[in-house]
Amino acid sequence: MIHPSNATHSQIDRVCERLPSEEREGQIFWKLRWREGRSQLKYFSTQARFRTILVVVLSLFFWIGLFTLFYSGFRFIVMNAGPAGATYHAQTVQFVFALFFASLQVMLIFSSGIILYGGLYVSQETRLLLTLPVRDSRLVFYRLQEAVFFSSWGFFLLASPMMVAYGIAVSAPWYYFAYLPGFVLSFSYIPCAIGAIACLLLISRLPRLRGILVGIAALLVILVAYVSIWQTLDISPAKSLHSSWFIDTFHRFEFTRGEWLPSTWLSNGLLDAARPAGFDPEDLPWLESGKYFVVLVSNALLLHVIVLWLGNRVFRKSYCSLTSRQAREAKSGSVLIDRIANGLLIPFPKQTRLLIIKDLRMFRRDPVQWSQFLIFFGLIFLYFANLDRFRQYQGDLSVQTWINIVSFLNLAVVGLILSTFTTRFIYPLISLEGRRFWILGRLPVKRDTILWGKFLFAAGGAWLPCAGLVLLSDLILEVSDVVVSIHQATCLLLCIGLSGLAVGLGALMPNFHEQSPSRIAAGFGGTLNLVLSALYILAVVVLTALPCHFVLLSSSTEISFHILKASTLSFWLGVGLATSFALTCLVTIIPLRSGLQAFRRLEV
Amino acid sequence: MIQFQHVTRTYGDRVAVNQLELSISSGQVLALLGHNGAGKSTTLKMLVGLLHPSEGTVRAGPYNVEENPREASRLIGYVPDQPFLYDKLSGREFLEFVAEMYGLRSTETREALDREVTRFELGEFLDQLTESYSHGMRQRTVFAAALIHQPEILVVDEPMVGLDPHSIRLVKDLMREYAALGRTVLMSTHMLNVAEEISDRVALMKSGNLLFEGKMPQLRQHVPDAEASLESIYLALMEQ
């Protein structure tokens with residue numbers, strides 16, 4: 001160390017020369033990751049064993065399920081379109097692969113860009129690293145690794161059973177399986193790097209317009225998805241599932257097989273690696289597949305270099321410009337949504353109303369919350385809006401049966417999506433309130449009022465969009481008025497039950513040490529809430545769907561069974577509804593009661 | 001050692017720091033004083049490279065902070081107002097990470113660790129994960145990390161927040177001793193008694209402008225009642 005009293009510039013220069021080389025810097029970051037990973041593993045194996053086992057078992061279950069599904073599908077193709085290498089087989093599988101990988105490619109671009117934005121521009125860790133002598137390119141790469149990991153794990157979980165199933169179904173040679181990890185890694189890196197480049201450029205060039213641009217891009221993607229779904233399903237009944245339909249659909253998705261798309265390189269590489277060698281001695285499938293592999297790797301490396309170069313040039317500048325923005329002024333009294341909410345909540349006591357409005361304001365000012373809400377419910381809306389294909393076959397009894405099943409499945413989907421929201425956003429509310437409990441604790445408000453406020457906020461906020469979506473599904477499917485009423489009643493029960501469960505468990509098992517809602521939701525209580533919610537939804541939907549289904553069947557068929565007598569079925573429908581109601585009461589009252597007791601005793 | 005030359009920083013239309021001219025030599029402790037929103041934290045963030053000036057130049061030693069952020073940061077140790085620690089690392093692992101990032105060799109890292117652990121009395125909890133640390137423990141660990149490479153410049157944003165009286169004494173002594181070694185300390189604080197006790201010079205900021213910069217006796221000359229407390233002088237100047 002030099003002594004500053006007599007430190008000269010050259011001495012200071014010498015100290016700075018000792019800063020870590022690029023390789024050493026990389027090693028230090030890997031060491032950091034390894035140490036963090038070790039601690040995390042230790043935590044999983046000691047303090048979160050139940051959650052870890054649950055996650056592993058569910059993931060395995062999901063993987064095996066997907067594998068079985070894909071394996072059956074590919075065996076069907078082998079039996080009907082010939083083995084790997086046959087023209088129809090190649091065309092069919094290429095269609096499936098290209099569509100699948102092209103869709104995931106777009107999702108990876110968006111998700112990696114958004115995750116990288118969070119990691120680079122709004123993270124406290126980045127703020128620390130910017131004050132250390134870390135190269136900007138290294139910092140960007142360090143964060144990109146996380147973005148790649150977090151955005152690609154879903155891709156690995158979906159793609160790996162499909163690719164393995166295909167290899168086994170067509171008895172692919174060993175090098176097909178040897179190529180797989182390299183193909184997956186190099187392919188997933190390309191869209192993630194594109195997302196990273198887009199993120200860096202967007203923030204550095206247009207920081208003020210980033211929200212608008214991302215919104216426009218998301219709208220475009222939704223529009224393209226909507227038009228694609230519409231066009232694909234827009235077929236005359238006569239053409240349905242005929243060869244002309246297949247050829248037509250095959251051509252409609254030509255754009256997913258463009259030669260310049262990484263998804264095409266991956267699809268072609270997999271197809272080549274899986275097919276047997278032909279009679280031509282110069283036709284070497286492993287080499288043909290290897291060429292696509294090299295194209296993928298070289299493009300991934302090129303994009304990697306561009307990300308580093310861009311990170312070095314624009315990251316710090318864009319970080320500074322982003323943190324120098326003028327703070328937005330929060331609008332409160334004048335906002336229409338607050339006024340409407342205030343009007344709707346008139347029947348409730350003033351204190352409850354104020355607490356609900358506070359939660360509503362926090363929700364709508366947190367883009368993470370409302371954007372996820374909007375994306376998931378928006379996608380369900382898109383799907384529901386395309387359901388009218390069934391109407392073409394209203395006269396067919398089997399189609400009517402399907403319509404009924406689909407309408408109840410839609411109800412279950414809405415419930416399941418809602419359960420992820422109650423777990424992610426409602427369950428952590430009390431834990432987060434605990435950190436600022438001194439504010440509420442000092443106010444002349446009963447603790448029960450706080451909890452009831454959360455429950456009403458969750459149930460009321462969930463009911464409006466869920467009831468709207470279920471109604472849309474029913475109207476599009478043109479189900480009977482009785483079914484619409486049953487669906488609406490079940491939807492209301494689900495909103496009440498799921499909210500009661502999340503608020504009650506959140507108060508029963510608060511976590512005041514954690515500041516991140518996602519980590520609170522990922523804890524034991526959050527996992528328990530998710531599992532119980534899924535079981536509850538399953539029970540309620542089955543209890544109402546089964547009798548309803550048989551009632552519909554009995555009214556639409558001439559065949560008469562004793563069990564299908566209208567009076568018996570109406571009785572069972574009544575029993576199903578009453579049991580659902582009783583179950584909802586249990587699911588709401590027991591956790592809320594226990595939560596209230598725990599919350600009253602709470603010392604923060 | 002530190003130079004702010006015609007430095008301006010804006011947040012949209014709002015001027016956070018306006019044409020700041022400030023130099024701090026080696027061996028001095030300078031306390032930045034001012035109300036909330038006066039521009040103190042922005043000034044410190046520009047020095048440590050978290051913000052770029054809209055106009056002007058910030059220098060740490062021979063380096064322009066904007067042009068040579070790595071070299072400049074090697075000369076600086078920074079204690080932010082909201083410190084970050086890796087939850088899943090122990091205090092020892094965190095300090096080793098920071099030391100290695102500053103280019104310390106393994107033997108130097110061990111020596112530096114021993115020195116800072118003794119200085120900040122971190123021994124009892126050094127090998128626990130930082131997620132279990134109290135605010136005071138976190139603050140002391142962050143101080144140790146800022147000093148692990150014995151920087152020429154120590155920059156501290158609100159150093160006493162959340163510290164117990166014993167730790168406050170520790171930090172005050174540390175800053176004085178550090179300046180006595182010929183190094184430079186720049187801190188922002190609301191605690192006027194701390195500024196009076198340990199700083200060689202004070203700088204008063206108001207709405208981004210530097211109202212006063214100099215020694216305590218010079219500050220007293222600015223108000224008619226020279227015997228008044230620093231608090232009265234500060235408030236009188238702020239109201240002018």
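1. Both faces of strand S7 of chain B are covered: B:Ile153, B:Val155 and B:Asp157 on one side, and B:Leu154 and B:Val156 on the other, are all buried. The strand spans residues 153-157, and five of its five residues are buried. In a regular strand the side chains alternate between the two faces of the sheet. The model under discussion is a predicted one.

2. S7(B) has a parallel partner in strand S6 (residues 76-79) of chain B, and four bridges link the two. Within this pairing, B:Ile76 stands opposite B:Ile153. S7(B) is also joined to strand S8 (residues 184-188) of chain B, in parallel, by five bridges. There the bridge partner of B:Val156 is B:Met187 of S8(B). Between S7(B) and S8(B) the chain passes through helix H6 (residues 165-180) of chain B, and this β-α-β crossover is right-handed.

3. A sheet of another kind is found elsewhere in chain B. Four strands form an open sheet in the order S2-S1-S4-S5, with antiparallel pairing. Strand S2 (14-24) and strand S5 (63-64) of chain B stand at the edges with a single partner strand each, so one side of each has no neighbour in the sheet. S5(B) is joined to strand S4 (residues 55-60) of chain B by two bridges, and these strands run antiparallel. One residue pair to look for here is B:Arg59 with its bridge partner B:Asn64 in S5(B). Strands of a sheet pair through backbone hydrogen bonds, either parallel or antiparallel.

4. Which helix of chain B is largely enclosed by the rest of the structure? It is helix H1 (residues 40-48): nine of its nine residues are buried, so the rest of the structure largely encloses it. The buried residues of H1(B) include the charged pair B:Lys40 and B:Lys45, along with B:Ser41, B:Thr42 and B:Thr43. B:Leu44, B:Met46, B:Leu47 and B:Val48 of H1(B) are buried as well. After H1(B) comes B:Gly49, which has a positive phi near 90 degrees.

5. For chain B as a whole, the count is nine helices and ten strands. The radius of gyration of chain B is 18 Å, close to the 18 Å that the globule rule gives for 240 residues, so chain B is as compact as a globular protein of that length. A box of roughly 55 × 40 × 35 Å, taken along the principal axes, is filled by its C-alpha atoms. Of the 240 residues of chain B, 48% count as buried. Among contacts in chain B between residues at least 6 apart in sequence, 67% join residues at least 24 apart.

6. Chain B touches chain A. In this interface 36 residues of chain B are in contact with 35 residues of chain A. Helix H2 (69-75) and helix H3 (91-101) of chain B each supply at least two residues to the chain B side. H2(B) gives the most to that side, with six residues. By class, the chain B side divides into 16 nonpolar, ten polar and ten charged residues.

7. Chain A is divided into domain 1 (21-49), domain 2 (83-320) and domain 3 (337-601). Where domains 1 and 2 of chain A meet, four residues of domain 1 are in contact with four residues of domain 2. The domain 1 side of this contact has one nonpolar, one polar and two charged residues.

8. Most residues other than glycine have a negative phi, and most peptide bonds are trans. A:Glu478, which is not a glycine, has a positive phi of about 55 degrees. A:Glu478 is in the loop between helix H18 (447-477) and helix H19 (481-508) of chain A. B:Glu121 also has a positive phi, near 50 degrees, and is found in the loop between helix H4 (106-120) and helix H5 (135-147) of chain B.

9. Are these two glutamates buried or partly exposed? A:Glu478 has 14 other C-beta atoms within 10 Å and is partly exposed. B:Glu121 has 15 other C-beta atoms within 10 Å and is partly exposed. A residue counts as buried if 20 or more such atoms lie within that distance, and as exposed if 12 or fewer do, so both glutamates fall in between.

Note on methods. Residues are numbered from 1 along each chain as its sequence is written. Chains are lettered from A and ligands numbered from 1 in the order in which they are written. This is a predicted model: local features need pLDDT of at least 70, side-chain atom pairs count only at pLDDT 80 or more; totals for chains, interfaces and linings use all residues. The radius of gyration is taken over C-alpha atoms; the globule rule is 2.2 Å times the number of residues to the power 0.38. Two residues are in contact if their C-beta atoms, placed from the backbone, lie within 7 Å. Two strands pair if DSSP finds at least two bridges between them. A crossover is right-handed if, with the strands pointing away from the viewer, the path from the first strand over the helix to the second runs clockwise. Domain bounds come from an automatic or database domain assignment.
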